[in-house]
Protein chains: 2
Amino acid sequence: MPPPPSDPSDVLRDAGLRVTAARLATLRALAESPHTAVDAIAASVRDDLGTVSTQAVYDVLRALSSAGLVRRIEPAGSAALYETRTGDNHHHLVCRSCGAVADVDCAVGEIPCLEPSQTQGYEVDEAEVVYWGICAQCRSTSPPDPDLTPPTPNPRSTP
Amino acid sequence: MPPPPSDPSDVLRDAGLRVTAARLATLRALAESPHTAVDAIAASVRDDLGTVSTQAVYDVLRALSSAGLVRRIEPAGSAALYETRTGDNHHHLVCRSCGAVADVDCAVGEIPCLEPSQTQGYEVDEAEVVYWGICAQCRSTSPPDPDLTPPTPNPRSTP
DNA sequence: ATCTTTTCCTTGACTCATTCCAGTCTTGAG
DNA sequence: CTCAAGACTGGAATGAGTCAAGGAAAAGAT
């Protein structure tokens, strides 16, 4: 197996997809900024190519994600985001304040939480972990603003 | 502190909320079937009370969840669901095929994956885990239907 | 019991992400 | 080069969820 081809056209071809300008521009956009929403991707693609319909971007993203080239994540309360890191089930840190997303490697080396305590008859194939918190920047720019972080989920009666 | 008052009116009052018919009916609906979407809750409430606007249900759910009486979960690809189990950060099994949701206790006794491997400056306050799989019923009713489970995350070009 | 204040519910319009459809253009194979 | 499958365009539609203004009811005080 050759080293992962870094030429995006080859990546597409190897996945059995046609090489089109929209797809290349989408991959480029995601390489520049991971964890991007559809409209930002569309803006970046239009920046490259001129006019591209929003549907085209949706179609491209669906094609890429069902080919396993991009992964769709959907943090509660915001639109879907796409990223190019696939196949290494990593997880995400999400900022409650600004929505920023950062990658985290698997918590415990091996596939971590993939063993729920009771599977209840489910055949589990993936464990998705989202760590909610406040990112460094939001903490430093507005340190003592108790109004900006209202939905702290579990005010823990006793620690 | 008395044992958790099972009278819904007391539950509301203890949380500092007014006791209204819509709120009681909503709690009743959630007690009957946890993990319910807004429109199903609304249907159940209307079944109890007659005419209730959808907005009223949204308002009730927001009030209840910001008082910590219900918890909102939002599995990727479906509308928001509400449940009454709060305060014991448990997790969820979600069926890729029918969308059924089941509760799972915390994987490792103590707050499990709450320690990401690198926090990257985030102040993490919650780890949300979703186990994706196929529920027992879906596996038995349509065992070998490869078309119904398309989004298996990694279709791996060559095995 | 009555009044007042606060909070809730109704109606209806609106936003936003995403999907569907029908027709036109492009890509890659013969 | 030619052609058909597959992509893209533009417009319209769906569905979840939110916002705003007025009328109605509940909780607590008189």
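**Exercise 1.** Which residue is the bridge partner of A:Ala127 in S6(B)?

*Solution.* In strand S6 of chain B, A:Ala127 has B:Tyr131 as its bridge partner. Strands here are DSSP E runs of at least two residues, and helices are H or I runs of at least four, both numbered from the N terminus. Two strands pair if DSSP finds at least two bridges between them.

This is a predicted model, in which local features need pLDDT of at least 70, side-chain atom pairs count only at pLDDT 80 or more, and totals for chains, interfaces and linings use all residues. Residues are numbered from 1 along each chain as its sequence is written, while chains are lettered from A and ligands numbered from 1 in the order in which they are written.

**Exercise 2.** Find how S4(A) is joined to S6(A).

*Solution.* Strand S4 of chain A covers residues 91-95, and S6 of chain A covers residues 123-134. The two run parallel, with 4 bridges. A:Leu93 has A:Tyr131 in S6(A) as its bridge partner.

**Exercise 3.** Which residues of H2(B) meet H4(B)?

*Solution.* From H2(B) come B:Ala22, B:Arg23 and B:Thr26. They meet B:Ala56, B:Val57, B:Val60, B:Leu61 and B:Leu64 of H4(B); contact requires C-beta atoms, placed from the backbone, within 7 Å.

**Exercise 4.** Which element gives the largest share of the surface near DNA strand D?

*Solution.* H4(A) does, with 5 residues. In total, 21 residues surround DNA strand D, A:Thr20 and B:Ala80 being among the closest. "Near" means a C-beta atom, placed from the backbone, within 6 Å.

Definitions and conventions:
Contact = placed C-beta atoms within 7 Å.
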